Amino acid sequence: MQTGLFISFEGIDGAGKSSHIQAVADAFRAAGRTVVQTREPGGTPLAEKIRDMVLHDAMDTLSEALLVFAARCDHLNQVIEPALARGDVVLCDRFTDATFAYQGGGRGFDWNVLTQLEHWVQAMPDGKLRQPHMTLWFALDPQIAAQRLASARVPDRFESQPLKFFQQVHQGYADRAHADPKRFAQIQAADELQAVRASVLHQLQSHGYLPVHRA
Ligand code: TMP
């Protein structure tokens, strides 16, 4: 049986990551893998209810942090761990790096408390921490992201935040990437769509997760 593979997609709102997940799923399926596409907060009926609250209901930052980790706990137990145990490829639109970037960076919440919650929720039976094997970080100047978002849908509690919030979120991602450089692959999200797509597929190939097609 194949070994399970867990890949997360991260970046500030407006970085355009979600539009590339389908292409990655198609590439893995073409390579013969079974793919589970999921997202956070969300991915289970309970976690989707929590998502709705986190995106739309007013709350303090500790409640927000506890809720995203509660959603993550259910998501790991119901979807991610079973899929990895089957040997599937799990493509997750955001994971814990988003909590460090948004609650830690954006909201200024205590990084150490988030680290404790991360250990509580992501500890595996062997004591190791469940983390994505690879995190594709769609890095984009927050100012460009803000311009993209201005013409987009009705903003939620995060998308409606000022530029400074997104600069802090961006810094939060940079700090996480700096702390775990092997896991993170940085994608220049300001490039043209096709160039971004090619760069995403190239990263997955160069890490040995996707086969390289030679003409
Ligand atoms: P999405 O729009 O990319 O689906 O993400 C939903 C929003 O939730 C996005 O603005 C980032 C935010 N978020 C957090 O604040 N903390 C988290 O842990 C996660 C996973 C997302």
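Author: Helix α4, residues 96-106, is mostly covered, with 11 of its 11 residues buried. Here buried means under 20% relative accessible area, with exposed over 50% and partly exposed in between, using a 1.4 Å probe and protein chains only. Helices (H or I, at least four residues) and strands (E, at least two) are DSSP runs numbered from the N terminus. The model is predicted, so local features need pLDDT of at least 70 and side-chain atom pairs count only at pLDDT 80 or more, while totals for chains, interfaces and linings use all residues. Residues are numbered from 1 along each chain as its sequence is written, and side-chain values use heavy atoms, with hydrogens and water left out.

The buried residues of α4 include T96, D97, F100, Y102 and Q103. They pack against the strands β1 (5-10), β4 (134-139) and β5, and against the helices α3 (61-86), α5 (111-122) and α7. Just after α4, G108 adopts a positive phi of about 75°.

R183 lies in the loop between α7 (163-179) and β5 (184-188), and is buried, with a relative accessible area of 5%. The side chain of R183 makes a polar contact with the side chain of T135 at 2.6 Å; such a contact is a pair of N or O atoms within 3.5 Å, where within protein one must be able to donate a hydrogen and the other to accept it, and residues adjacent in sequence count only if both atoms are side-chain atoms. R183 and S8 are 175 residues apart in sequence, yet 10.0 Å apart in space, C-alpha to C-alpha.

As for the whole, the chain has 8 helices and 5 strands, following the pattern β-α-β-α-α-β-α-α-β-α-α-β-α along the sequence. Its radius of gyration is 17 Å, close to the 17 Å that the globule rule gives for 215 residues, so the chain is as compact as a globular protein of that length. That radius is taken over C-alpha atoms, and the rule is 2.2 Å times the number of residues to the power 0.38. Of the 215 residues, 49% count as buried. Among contacts with a separation of 6 or more, 77% join residues 24 or more positions apart.

Conventions:
Contact means heavy atoms within 4.5 Å.
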